[in-house]
Amino acid sequence: MKHAPPDADTPLIYLNNAATTWPKPPEVLSEVARCLQTPFFEYGRSTAGGATDYPSVTRDALETFFYAEEPGHFIFTQNATDSLNLLIHGFVKNQKTPFHAITTELEHNSVLRPLHTLEGEGRLTLSTLPFDDGRVTLQKIKNAIRSDTRLVVMTHGSNVLGSLQHIRPVAEYCASNDIFLIVDGSQTTGQIPINLSEIPAGAFVFTGHKALFGLPGIGGFYLQDPETIASIRQGGTGTDSHTLAHPQNMPQKFEAGTPNYPGIASLLAGIRYIEREGQDAITTKCRSLTSRFIGKLTRDPNIILYNPAADLPVVSFNIRNMDNDEVGYILAKAYGIITRTGLHCAPLVHDRIDGGKGTIRVSFSYLNTPEECLKAAKAVREVAESADS
């Protein structure tokens, strides 16, 4: 079957929201424009009237959004990868001797690569736990604990399988056993309610450009105890400039240089948008789109679904006898549907589910429509039918 290109006026259907959400809500773009039209606020310095102290206002918004206790414990970074590097390397820098760390096969390379780098340097030994039905249980983590285990790093939600990890019991266990837990919330923040007052993790990582609807280049983390992580960056903070030692108070301990004001403004506007729409409404709609899409594909024997019970709006699949890159190309060129193909920066998941070949990934946003969902499912079925002809 030959696939004709879409008409010039065929609307784009964007289904790569697990990478970066698009489009952004108008409120986000307006706030970024307003930020750029006003001189940036710098605390304690001369500035034009009417400027917004975006870092402080956004930290307060994050405190409310995450039900946290200390707004100053929210640190702004470039993205989740930046956050994870700061936390993992900063934790290891604080350790006087090598130790044992635990992670999982579900992780993104932003977790795996820093840990494997440090293991190669002899700073730690690493256990990587397998998953069952898309999850790594607390019992599996308990079984891997050793006397020198000091660190656990795990995702809250898989960017390949859309599976949600039961993070609270893991956090409670780690907290009671003096094990530092870093949770990668890249795929869950903005998709589901997250209450950090009930999750005693050492650090929780988020990024702005996914379901928080912010711009690329902004992310961050919440850190319970600043003493657990050493600062690995030094520079200007606008405070204590008389000393050559980097400040150790929060949040300056982990933030050096000029902040990403437009990115922080977009994060603030994204949070306000979610609060206005309602987190429960967003969660419900995204789950409905996901289950509807999966339901349209489950009866096709040519389509391999890797998690038909996805908790998050992330669906990975393959079409028999077709390369995933070819399928993604056809969907884009013939139907105007943007997906993601390949290994999704999570190679250990793919080693388990598809022999390391990769998948086509469809990921929905709150701004997608049921009509787009049905059109995408129909297109996938048509491509699968052509593979069998």
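I'll start with helix α2, residues 54-65, which has twelve residues and spans 16 Å from its first C-alpha to its last, close to the 16 Å expected at 1.5 Å a residue. Before going on, please keep in mind that this is a predicted model.

Which residues of α2 are buried? They are Y54, P55, T58, R59, A61, L62 and F65. Looking down the axis of α2, these buried residues fall within an arc of 165 degrees, so they line one face of the helix. As for what covers them, the list includes the helices α1 (26-36), α7 (261-277) and α8 (279-297), along with the strands β2 (74-77) and β7 (203-207). After α2 comes Y67, with a positive phi near 55 degrees.

Now the pockets. The largest pocket has a volume of about 830 Å³. Its lining takes in 31 residues, and those nearest the centre are T237, E255, G257, P259 and Y261. Where does the largest share of that lining come from? It comes from α2, with three residues. Besides α2, both β2 and α7 supply at least two residues each to the lining. Recall that β2 and α7 are also among the elements covering the buried residues of α2. By class, the lining of the largest pocket divides into twelve nonpolar, twelve polar and seven charged residues.

The second largest pocket holds about 340 Å³ of space. It is lined by 23 residues, and A18, H108, N159, Q187 and K210 lie nearest its centre. Here the classes come out as five nonpolar, 13 polar and five charged.

How many cavities of 30 Å³ or more does the structure hold? Two.

The largest cavity has a volume of about 80 Å³. Its lining consists of N17, A18, T21, S186, Q187, Q191, K210, A211, P313, V314, S363 and F364. That makes five nonpolar, six polar and one charged residues. A18, Q187 and K210 are in this lining, and they are also among the residues nearest the centre of the second largest pocket.

The second largest cavity contains about 60 Å³ of space. Ten residues line it, with C35, T38, A51, T52 and Y54 nearest the centre. Its classes are six nonpolar, three polar and one charged.

That brings us back to α2. Y54 is one of the buried residues of the helix, and it is one of the residues nearest the centre of the second largest cavity.

Notes:
Residues are numbered from 1 along each chain as its sequence is written. This is a predicted model: local features need pLDDT of at least 70, side-chain atom pairs count only at pLDDT 80 or more; totals for chains, interfaces and linings use all residues. Side-chain values use heavy atoms; hydrogens and water are left out. Helices (H or I, at least four residues) and strands (E, at least two) are DSSP runs, numbered from the N terminus. The expected span of a helix is 1.5 Å times one less than its number of residues. Buried means under 20% relative accessible area, exposed over 50%, partly exposed in between (1.4 Å probe, protein chains only). The arc is that of the directions from the helix axis to the C-beta atoms. Contact means heavy atoms within 4.5 Å. On a 1 Å grid over the protein atoms alone, a cavity is a set of points where a 1.4 Å probe fits but cannot get out, and a pocket is an open set with protein on both sides within 12 Å along at least five of seven lines; lining residues have an atom within 4 Å of a point. Grid points are joined across faces, edges and corners, and a volume is the space filled by probe spheres set on the points. Ala, Val, Leu, Ile, Met, Phe, Trp, Tyr, Cys and Pro count as nonpolar, Asp, Glu, Lys and Arg as charged, and the others, Gly among them, as polar.
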